[in-house]
Amino acid sequence: MTAPVVWLPIPPEEIPGLPEGPDYLFWNGGEDFPADPADCAFYVVPYMKPLDVVLRPMPHLGSVQVVQTLSAGVDNVTPGLKDLPAGVRLCNARGVHEASTAELALTLILASLRGVPGFVRAQDKGEWGGGFHPALADKNVLVVGYGSIGAAIEDRLVPFEVARVARVARSARTTARGPVHPLTELPSLLPEADIVVLSTPLTETTRHLVNAEFLARMKDGALLVNVARGPVVDTKALLAELESGRLTAALDVTDPEPLPPDHPLWQAPGVLISPHVGGPTSAFLPRAKRLLIDQLSRFVNREPLGNVILTTGPTNGATSA
C-alpha cells in the first residue's frame, strides 16, 4: 500500500513525534513543488503567505483528504475549495493562536488607553510630558466573536478589574463565566461598551459587520480593537468616526492589507496600528507542531480529526462541519 503524502510548511525533521507511515514533504510556498500535488493526501497550508501562494497547489490536489491551516481563520483558503474533490476536510488551527492573539489584544487596549504611542513619539523628541489617561480598570468590555480566542482575551481581562465583559457570538449559549449573546443583540450591547474587541472569523455574515450603523451605536470616546480580520470593519466608516474624534481604534488588521503608505488610516487621529502580528510570535511554533502531531496521528490511525470547519460537498462546494 502506498504511503500517504503529507505536505508540511515546517521541515519534518524539526517536528519530533510525527507518526510513522506518511511520506512527509516540505513545502513552505516556494516556487517549485516538492512533488506532484496530485499525490498529496494532507496539505498543511503555509503560514502567513500571500493568497496566490497558498492557493497555487489547490487546483491540482486531486487526491487530497485534508487541508489544514495554521491560522485561526480559513478565509485564505476558502476561495480554493471549489477546486477540491468532494469529502475533503478543512481544519483550522484552534489552540495555536489563542495565547498570542489575546496577549496582543490586551497590549493594544492598554497602549491605547494609557497613551503609549504618544509617549514613544515624545521620547523620540526628548520631551517629558505627563497627563491623565484612562485605565482599563472599571471599564465595560464587549468581545465580539467569543470563540477560543475571545475566551482567551477574557481570561486576560479579568485580572485588570474590568467592570464587565459582555460576550457575543453567532448564536447564544452559556459559559462558566456567563452568557454569550447572539449577534442579533449587538445593537443593545454596543452603547454600554467602553471597549469593543473584535475576534470574530471573517465570513459573509461578519464582512463589514462594523459599519457606520455599528460605529454610531458605540458610546462617545469608546475604543474599537480589531484582532480579527480587516474586512470585518468598513474602513471608510471607521475613518469618519476617527477623524471626528468621537472614537479611537487599535488595529492589528486592516482593509486593505498591507496598508499602503499613503492610506489615510495611517494619519487618522486616535488610532494605533500594528502590522498583523497577533499570531506570529515565539508561542506559534511549539503549538503548531503539537497540533500537527495530533492531527496527523488521528489521520494515520483513522480517528476523527479535530478542528474540522467544513467538508467539501459532492459538487465541490462546502458543507458545515
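Which side chain meets that of Arg167 in a salt bridge? The partner is Glu154, at 2.9 Å from N to O; a salt bridge here is a side-chain nitrogen of Lys or Arg within 4 Å of a carboxyl oxygen of Asp or Glu. The model is predicted, so local features need pLDDT of at least 70 and side-chain atom pairs count only at pLDDT 80 or more, while totals for chains, interfaces and linings use all residues. Residues are numbered from 1 along each chain as its sequence is written, and side-chain values use heavy atoms, with hydrogens and water left out.

## Salt bridges

Arg167 belongs to strand 7 (residues 164-169) and Glu154 to helix 4 (residues 148-157), so this pair ties together parts that are 13 residues apart in sequence. Helices (H or I, at least four residues) and strands (E, at least two) are DSSP runs, numbered from the N terminus. Both Arg167 and Glu154 are buried. Buried means under 20% relative accessible area, exposed means over 50%, and partly exposed lies in between (1.4 Å probe, protein chains only).

The count of salt bridges comes to nine.

| Glu154 | Arg167 | 2.9 Å |

Arg207, at 41% relative accessibility, counts as partly exposed. Asp294 and Arg298 are four residues apart in helix 8 (residues 284-300), and are therefore separated by about one helical turn. Asp294 counts as partly exposed at 38% relative accessibility, and Arg298 counts as partly exposed at 28%. Salt bridges also link Asp220, Glu241 and Arg246 in a network.

Eight strands make up an open sheet with mixed pairing, in the order 8-9-7-6-10-11-12-13. Its edge strands are strand 8 (173-175) and strand 13 (271-273), each of which pairs on one side only. On average, neighbouring strands of this sheet are turned by 20 degrees against each other, direction ignored. Two strands pair if DSSP finds at least two bridges between them. Strands of a sheet pair through backbone hydrogen bonds, either parallel or antiparallel.

Strand 10 (residues 195-198) runs parallel to strand 11 (residues 223-226), and four bridges join the two. Four bridges also join strand 10 to strand 6 (residues 140-144), again in parallel. Val196 is the bridge partner of Leu142 and stands opposite Leu224 in strand 11. Leu198 stands opposite Asn226 in strand 11.

In a regular strand the side chains alternate between the two faces of the sheet. In strand 10, Ile195 and Val197 point one way, whereas Val196 and Leu198 point the other way; all are buried.

## Helices across the sheet

Helix 2 (residues 98-114) lies across strands 10, 11, 12 (248-251) and 13, and runs at about 150 degrees to strand 11. Helix 7 (residues 235-244) lies across strand 11, strand 12 and strand 13, at about 130 degrees to strand 12. Axes are lines fitted to C-alpha atoms, for helices over the stretch in contact, and angles run from 0 to 180 degrees between N-to-C directions. Contact means heavy atoms within 4.5 Å.

## Surface patch and individual residues

Val116, Phe119 and Val120 make a nonpolar surface patch of about 230 Å². Patches consist of residues with over 30% relative accessible area and no salt bridge; like charges are joined within 9 Å, and nonpolar side chains (Val, Leu, Ile, Met, Phe, Trp, Tyr) within 5 Å. Accessible areas come from the Shrake-Rupley method with a 1.4 Å probe, and for residues only the protein chains shown count as cover. Phe119 is placed in helix 3 (residues 116-125) and, at 39% relative accessibility, counts as partly exposed.

Phe26, in strand 2 (residues 23-26), is partly exposed with a relative accessible area of 41%. Phe26 and Leu8 are 18 residues apart in sequence, but their C-alpha atoms are 4.9 Å apart in space. Not counting residues up to four places away in sequence, Phe26 touches Leu8, Pro9, Ile10, Pro11, Pro12 and Pro34.

Asn76 sits in the loop between strand 4 (66-68) and strand 5 (89-91). Asn76 is buried, because its relative accessible area is 19%. Apart from neighbours within four places in sequence, Asn76 is in contact with Val45, Leu51, Val54, Leu55, Thr69 and Ser71.
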